[in-house]
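Here are my notes for someone opening this one for the first time. Have the sequence and the model side by side as you read.

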Amino acid sequence: MKDSLSLLARIPAHPDSRCWFLAWDPSGTLLASCGGDRSIRVWGKEGSGWVCKSVLGEGHQRTIRKVAWSPCGSYLASASFDATTCIWKKSQDEFECVTTLEGHENEVKSVSWAPSGSLLATCSRDKSVWVWEVDEEDEYECVSVLNAHTQDVKHVVWHPNQELLASASYDDTVKLYREEEDDWVCCATLEGHESTVWSLAFDQSGERLASCSDDKTVRIWHQYKPGNEEGMVCSSADPSWKCICTLSGFHTRTIYDVAWCRLTGALATACGDDAIRIFEEEPLSSPQQPTFALTAHMPRAHSQDVNCVAWNPKEPGLLASCSDDGELAFWKYQRPEVC
Amino acid sequence: MVGPAPGGGSPLENANPLIYRRSGERPVTAREEDDELPDSIDDREIFDLIRSINDPEHPLTLEELNVVEQVRVKVNDAESTVVVEFTPTIPHCSMATLIGLSIKVKLIRSLPERFKVDVHITPGTHASEHAVNKQLADKERVAAALENSHLLEVVNQCLSARS
Amino acid sequence: MLQEEEVTHLVLFYENRLKDHHLVIPAVLQGLHALSLCEVLAPGLAVSVLKAIFQEVHVQSLPQLDRHTVYSIITNFMHTREEELKGLGADFTFGFIQVMDGEKDPRNLLVAFQIVCDLILKDYVLGPFVEELFEVTSCYFPIDFTPPPNDPHCIQREDLIVSLRAVLASTPQFAEFLLPLLIEKMDSEMQSAKLDSLQTLGACCTIYGQKELQEFLPSLWSSLRREVFQTASEKVEAEALAALHGLSACLSRSVLSSDTEDLLDSFLSSILQDCRHHLCEPDMKLVWPSAKLLQAAAGASFRAGHRITSSVVPLLLEQYNQHPQSSQRRTILEMLLGFLEVQQKWGHEDEEESALLCSRAPLCSVLFSALTDPSVQLQLVGIRALTVLGTLPGLLAPPDVQLVVDHLTRLVLHADDSQSCVAAMEAAGSLAPIYPGAFSGRMVQRLAEELQSEREEEGRRSMQSLRARCLQALAAVSTHPGIVHETIPVLLQCLRQVPKGNVPARACDVVAVCQSLQQVAVQCQRDTESCWYYHQTVVPCLLAVTVQAAMQENAHSPLGKLLLEEEVLSAMVPVVSAASAHLCPELAAQSVSQLVPLFLDGEVSFLPQDSFPCPFQPFQGGQHVAAQRRLVALLMAFVCSLPRNVLIPQQDRLLQELLALSCSCDCPFTATAAAKCFAGLVNKYPAGQQLDQLLETAVSRMEAGLAEGPLRSQALALLLWVTKGLVLRYHPLSSRLTDKLLGLLGDAELGPAVADGFSLLMADSPDVLHKGCHADVRIMFRQRFFTDSVPKLVQGFHAAGPGVKANYLKGLSHVLNHLPRPVLVTELPTLLSLLLEALSCPDHVVQLSTLSCLQPLLLEAPHVMSLHVDTLVTKFLGLTSSPAMAIRIAALQCVHALTSLPVPVVLPYKPRVIRALAKPLDDMKRLVRKEAVVARGEW
């Protein structure tokens, strides 16, 4: 386990503020960061180091909580405490705010693009999840307001290859939504966490979903389609999601983020105890009751809470993380020979 | 995340609370005067940071109202953790979140960044104990609340030195 | 000069013009204004002018300046033609009301309010227009005026408030209109309106009587009570209490006739009814507001005090016994103390009628129980209450007095907590002059026994602390001549025992005895007889024991040597000084005629000890008198403290001896004492040729000493002290000596000591050359020294080599640190760049004194400092990680002070400073963290 995670670079990305979130563009060459200083910074590699390519400063009045790249890599969406979501269009190294989506009553906590690029989801402390449709002229239209949660919605994320949306909330649950006859409906509620669910990540296949929580655990949920081989009962035509593994006892404070590498299958977590941890599925464990082993643990990865971890989509083992201390760090993960 | 601010002539919820005597200034010891010897951060030092916070409703400090007590402050300097329990004056006090927020903000501003600060209600002393604790523990909501200029002003008033 | 007739013509002309077109009115008013100042105005004309104005001019439609002219005309006539105007009767009042009705300009209002005041105070006839006059002024109440920025007229809100208050509170005739208005404004939400109403009510109470108040008392009381019970502002509370005090005083003044109701009694009854029961709930919030209200009312008169005290004190005594918790008891006792203090104010009026007389026994038993309570806080309040009780005549019976003394003695000797012990000593000091017999018979005797007893079993440490307490208590209780006669011998006995070795002694024990002696000396200074007794007893004794010790030096007696240690002699200096500074001239002359021959000629006959092993010759050469020479410090304490008109025998010989000793003695302590003594005498020496010669001799000896040799630092000490003595009295030679010092700043060997010497020049010296020892100290000497020396210091700094630059900065920062702030602020712009440079100087003393110099300037001269904000932020933040804790603290205090600069100046630095302050929050030292928390909180 020793030396399986090594520091490549550390950058004061949002000095005098906290850095909340990171997002790699689909090509893996650009990394966007956002924070309490109301700015978005876009980072790119030059030589052996990382440099700030652009600063997107004028879009929001308050903290920018999350950012998300469109699947084509030409747009960046940003969710802010000022209750708006901005859409930025990229041309070369320049970004221009082309649309501001308004409608949420208060802080927008998360934003996510569907794999097709024609749908966008946002969520807010106003307990709602909004689905937006994008047309060719870059016009955005709200197609659904989902009020399934009873509290603040913390995170939204789309399935990697289906139009299935997942959301995590302060009400301790995860909910899944799909389109049904021109409207969107909640098709599953995942209960089990004992406190706020902060973030979600699908694996490469979309069969599994990881969730992390204030209850200091990560849960792995598995999708069982109707008529599955394992004989798991589904109550309706919708697939059913069951928790097949709980990672507990590893984290000592709130887990703020979880990231599932689409290239290697490694699962990284960002924790309020300042540490980054990486887990891998034990090769010989049963797929229906998998066990995960802690393969890397970096105790003082940052000097304060780690808020986000993000795997590079193209380069296996390249991980970015950011923290309340305003810093952004790049790590190289090497699977240890012997676990 | 917090209800409307006090004032506007609304009647106090608890107009005649019990009052407690303030502890004096911590006497300076010879050891503290010594340039070489380190002084670790102890419970009393944390308590001194929060005892003079003003109650949002009364012209009294949290110490005078017994909302904070030194025995309910636990600090571990080596592990960089601080846990403070506070006791609202009455079980339905609508100011509990605001008081907790003031304590948390004061500690975050005053302690080295390495510290993890947890602020809870003393178990069994408030009707909405769980809800208040959950709000106070959610740093995203605390951060958003402190970007609300009105609320920030109320908190700063609680933290300001009394005239 | 105009003749009376011409004036009359002009007046009539102008009066007629008032009927003309309104465009000419301003000019006409100017003319009338000039005429109103004429002394030769015929009788009747003033009235006719005013009538014409009242009739023809609509004053409020004129511009501000012309309205002001009208007010001036009225004011002028009121000064010179009072009787004529009064002839107009109420018409004049009515006319004026019409003139000022609707006035808006603050400048005019100030004049108009003054006119109304004069109308009332000079008894003009108001007739049926009282209410109108009230209306036309009270409509401005409460004043709500904020002067515009850059107002050239400088009229402040406070000016208007005060002048309107003078009008409203000028006559009881307004009472029926004013009191409802005040009650209404007190009930409003605006704090400024509350404060103004309460203050106006207070002002009214000084002229109102029962009649005016009667109808409104219930509502006034309920408003005042509410303000004290519920207020969030200490200011409002204080004003409400003051107003209540005023009401109670006003009602107390009214003379009672048999058929009228006693309003004071019924008013106090309603206060008691509303407040008394809250006193029974010592845990609740209303207990203190209630006590404060009652005390405010009780403090207004003897009668009010009697009524309230006789109701409340028995209740509190009962409550004390019903509440067993010490925190509750403390609250009750503190309230009791407050009522006793009220009683103290009126206690002397009539002993027989004291409201406390019938509660005497239970009161004493409650207070005694507090003194034996384990809670220190309760003990402390008990001690204070007993002190107050003891000062009230006739309340402590002789057996109670003995008990009080015994309790205090017990606390002095055995209280676990030092606070209780100190409080008991203070109480003994306050009560001893009232009950001298009890204190000398019981406490002094007991303390003396303790000091003499030798108890081994308790361990050395506790015995030493017991001795220290006894010594302090002996000093504290010496507040009566009779007691002083008993304590002084006890203290002196302690000193005499040192060389005999009866008591184990260390230097700090002897120092403690000296400190007690000094305290007694200060307490004796007021009384000539005690002062002389003290001087006559203590000074010869100190000299005898030290002379004896100095002679035994050769016998290597370690016990005697203790008395000659620098620490001990330095502690004796203030004793001798305090014993000598307040002597009357005859007695001083008597004493000086014995002491000077002792040092010059070895004349020991007046010392209480009659045989000495060898002659006393401190000024003779030779190594064997080194110990005797040290006693020059005591000589200095004596001769330098005498009043200036006391002639010192053989002064010139003495001065020559001192000069020689100061330059030639290799012991720094002795040499410095001689230099100080010399400087102290020179400071008082009459100006003239003799002084000049003396100084020439001194300068040439200094120069010789400074030039080379092993005694350069002795010569420097002499130079510094003589310079100080001369700077203080503005002597012309002082600037030559200052230049010499400035030159020496560049001296590689002496430079740092010279730099520190600037602190000596500017600071008050504790033992010589200060006002208390009658030195010639001019009040502006620091400013003068600053003006003379600072340009040279700056010049010297720029010219100096790198090795000695710091000396100049250090010298400068010492000078600046002792300069009065206002002077410093005006001189700041020229010096700031140098101060900023001093912050980068690696010397810690320079850094620290520069920081302490800059900190108040940030608060007082923010605009000058703003220009350098960038440098200041960088340097201060840099110094927050200095290795020295004191510098880190000072730097953080400066960072804190930066927040008083204008907001736009500091705002750009906010993120950087807040980030930088995160580090000192984790400082190793708690005291540093404390400052960092405060500074960061402020940013």
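How many bridges join strand 10 of chain A to strand 11 of chain A? The count is 5, and the two strands run antiparallel.

1. Before going further: this is a predicted model, where local features need pLDDT of at least 70, side-chain atom pairs count only at pLDDT 80 or more, and totals for chains, interfaces and linings use all residues. Residues are numbered from 1 along each chain as its sequence is written, while chains are lettered from A and ligands numbered from 1 in the order in which they are written.

2. Start with the sheet in chain A. Its 4 strands are ordered 10-11-12-13 in an open, antiparallel arrangement (two strands pair if DSSP finds at least two bridges between them). Strand 10 (108-113) and strand 13 (140-146) sit at the edges, each pairing on one side only. From one strand to the next the twist averages 20 degrees. Helices (H or I, at least four residues) and strands (E, at least two) are DSSP runs, numbered from the N terminus.

3. Now look at strand 11 of chain A, residues 119-124.

4. Is strand 11 of chain A buried or exposed? 6 of its 6 residues are buried, so the strand is largely enclosed by the rest of the structure. A residue is buried if 20 or more other C-beta atoms, placed from the backbone, lie within 10 Å of its own, exposed if 12 or fewer, and partly exposed in between. In a regular strand the side chains alternate between the two faces of the sheet. In strand 11 of chain A, one side has A:Leu119, A:Ala121 and A:Cys123, the other A:Leu120, A:Thr122 and A:Ser124, and all are buried.

5. The hairpin of strands 10 and 11 of chain A has 5 residues between the strands, with A:Gly117 at a positive phi near 85 degrees. In the hairpin of strands 11 and 12 of chain A there are 4 residues between the strands, and A:Lys127 takes a positive phi near 75 degrees.

6. Over in chain C, the secondary structure is 48 helices and 0 strands. Of its 939 residues, 45% are buried.

7. One helix pair to find in chain C is helix 26 (residues 507-524) with helix 27 (residues 528-552): their axes are 8 Å apart, at an angle of about 150 degrees. That makes the two roughly antiparallel (over 145 degrees; under 35 is roughly parallel, 65 to 115 roughly perpendicular and the rest oblique). Axes are lines fitted to C-alpha atoms, for helices over the stretch in contact, and angles run from 0 to 180 degrees between N-to-C directions. Among the residues making the contact are C:Leu517 of helix 26 and C:Tyr534 of helix 27.

8. Finally, 19 residues of chain C are in contact with 20 residues of chain B, contact meaning C-beta atoms, placed from the backbone, within 7 Å. Helix 48 (residues 926-938) of chain C gives the most to the chain C side, with 5 residues.

Notes: Two residues are in contact if their C-beta atoms, placed from the backbone, lie within 7 Å.
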